[in-house]
Amino acid sequence: MRGSMKLLLLSVVLVACPVESWLGRGEASTMFVPHFALKSPGSKRVRHCSRYPGVSNRAACICMKERILIVGGTGRIGTAVASHLIKRAQGSQTDIVLAGRDSRKGEAAVREVMADIGRSETFEPCVSFQRLDWRDEIELNNVMQRGWTSVINTAGPFLGIRPSILQAAIKHKIPSYVDVADPTSYLADALALDDAARSAGTCAVVAGGAFPGLSNLIAMEAVEQLQLEESGGRVQDLNFDYFTAGLGGSGEVNLLITNLGFGEEVEVFQQGVLSPILRAGLDQKQVDFFFDEEDASKAKIGTVNTWLWPFPEGRTVAEQVEVAGGSRVAMGTAPDIWNVVMNLLVRLIPRSWWKQENFSQALATFSKPLVAFTDMFVGETHGIRVEATSTSGKTIVCIQAHESFRTCVGQSCAEFLLHLNRRRREDPQHQDGVFLPERLCQSSQERKSLLKAMTSTPGTLTYRYKQTA
């Protein structure tokens, strides 16, 4: 009798929601498997619903309003994105799939997300794992054709690769896409897909993390506060300084990304002209990540030595606002000894060595236990400082700080996606295409709304603008 009731319940759900619409044509025939866990050649899905803790359950997860695929979802940033999306679902049905190559990491990632969001009496989120090697074109297209409403890509490093996941999203006409890429070469290739995205009805945001991402929007807001139309001036200088305590909770891949960046040019402006310089890790400067005692970031971050690193916004935002003078983009970390070590290493080791992934990975592997040890004491704090100066001498500075770099990146990326999906629902005339964050918002009001969502998230310590000159 008990078995008959289970079969009846499953039959009702399957009638209400055709399996093919959820799985895609390639997997409809493999629906009936033990424990409702789908296994197909080369892939593995592990599903978890809050209604049945610890149990794979597909029947409860078939009918969903949003179906979101997170490529790189088993990493630290991917799980942070998933957690924030579910917390912001506010009772709406959302199916989130974490995609990665390692099944064990996938299962652990699902458990991590479910533990982070906790149980809810009002809605039942579904999180699952999909095995995916996105570098395999056939495998990527097989997964991407399954009717996703959105795709998020956190599978870094992005240096030296083409935007193949974005291309696949456009090919399969997926409505929304966000990634956290930062190399300018990758971004240029992605922006070249703008016409194809418009034709496919895909709206994509690239470089949609904290920095770049949130920082780009902050810069545009700071430039607006310069009130250039009233003064008749231009943006003279635009400076970005960032802080991350240790790895900021983002995982060891961040060590590799940082090392590879030391082999790249820092694309900045000088005297109004794009002037790339091979000085990543150098040109240290002391930067205050606070205004006064009111800012929690004074105690959490304080004054930091920052050094140049090839973040793209030193070029892309500076181009957008047409700087007349220069731009700077730099970062620092804690404890300060790492800033000293980085400075020494980039002076001693040839730039060509840093560009070699084998060398940068070996150095990252060597330093991992040391960084892991210091991370136990410094936490994950993150900070952004953007300074915009006009040709008339007026300066606007913004300070934003968060308890966790990893969480802030995840929250920012998720908010970009939620913004795209909300715009898709509410504005039938919205513009599709591929956008950098500074070009996404079509009005000041839209940008302010998105900034409010990003800077009122749990863990935010400081978010203030101030005219300093």
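Glu319 and Arg315 form a salt bridge, with their closest N and O atoms 3.1 Å apart. Both residues lie in helix H13, which covers residues 313-321. The model is predicted. The chain has 469 residues, and 57% of them count as buried. Its secondary structure comprises 19 helices and 18 strands.

- Glu319 and Arg315 are four residues apart, about one turn of the helix.
- Glu319 has a relative accessibility of 33%, so it counts as partly exposed.
- Arg315 is also partly exposed, because its relative accessible area is 27%.
- This pair belongs to a total of 24 salt bridges in the structure.

- Arg447 pairs with Glu221 in another salt bridge, and the closest N and O atoms are 3.1 Å apart.
- The two partners come from distant parts of the chain, 226 residues apart.
- Arg447 sits in helix H19, whereas Glu221 sits in helix H9 (residues 214-225).
- Arg447 has a relative accessibility of 10%, which is under the 20% limit, so this residue counts as buried.
- Glu221 is at 5% relative accessibility and therefore counts as buried.
- A network of salt bridges links Glu221, Glu224, Arg447 and Lys448.

- Glu264 and Lys355 meet through their side chains in a salt bridge of 2.9 Å, N to O.
- Glu264 is partly exposed, because its relative accessible area is 22%.
- Lys355 has a relative accessibility of 47%, so it counts as partly exposed.

**The seven-stranded sheet**

- Seven strands make an open sheet with mixed pairing.
- Their order is S12-S13-S14-S9-S15-S16-S18.
- Strand S12 (285-288) and strand S18 (460-467) are the edge strands, and each pairs on one side only.
- On average, neighbouring strands of this sheet are turned by 25° against each other, direction ignored.
- Strand S16 (residues 395-402) runs antiparallel to S18, and seven bridges join the two.
- His402 stands opposite Thr460 of S18.
- Helix H19 (residues 444-455) lies across S16 and S18.
- The angle between helix H19 and S18 is about 140°.
- Helix H19 is also the helix that holds Arg447, described above.

**Strands S4 and S5**

- Strand S4 (residues 94-100) pairs with S5 in the parallel sense, over six bridges.
- Val97 has Ser128 in S5 as its bridge partner.
- Strand S5 (residues 126-131) has six residues, of which five are buried, so the strand is largely enclosed by the rest of the structure.

**Contacts across the chain**

- Among contacts in the chain with a separation of 6 or more, 77% are between residues 24 or more positions apart.
- The C-alpha atoms of Ala80 and Cys408 are separated by 8.5 Å, although the residues are 328 residues apart along the chain.
- Ala80 is in contact with Arg406, Thr407 and Gly410, leaving aside its neighbours within four places in sequence.
- Ala80 has a relative accessibility of 9%, so it counts as buried.

**The surface**

- The chain exposes about 20,300 Å², and carbon and sulfur atoms supply 52% of this area.
- Ile337, Val340, Leu344 and Leu348 make a nonpolar surface patch of about 400 Å².
- Ile337 lies in helix H14, which covers residues 337-348.

Terms used
Residues are numbered from 1 along each chain as its sequence is written. This is a predicted model: local features need pLDDT of at least 70, side-chain atom pairs count only at pLDDT 80 or more; totals for chains, interfaces and linings use all residues. Side-chain values use heavy atoms; hydrogens and water are left out. Patches are made of residues with over 30% relative accessible area and no salt bridge: like charges are joined within 9 Å, nonpolar side chains (Val, Leu, Ile, Met, Phe, Trp, Tyr) within 5 Å. Accessible areas come from the Shrake-Rupley method with a 1.4 Å probe; for residues, only the protein chains shown count as cover. A salt bridge is a side-chain nitrogen of Lys or Arg within 4 Å of a carboxyl oxygen of Asp or Glu. Two strands pair if DSSP finds at least two bridges between them. Axes are lines fitted to C-alpha atoms, for helices over the stretch in contact, and angles run from 0 to 180 degrees between N-to-C directions. Contact means heavy atoms within 4.5 Å. Buried means under 20% relative accessible area, exposed over 50%, partly exposed in between (1.4 Å probe, protein chains only).
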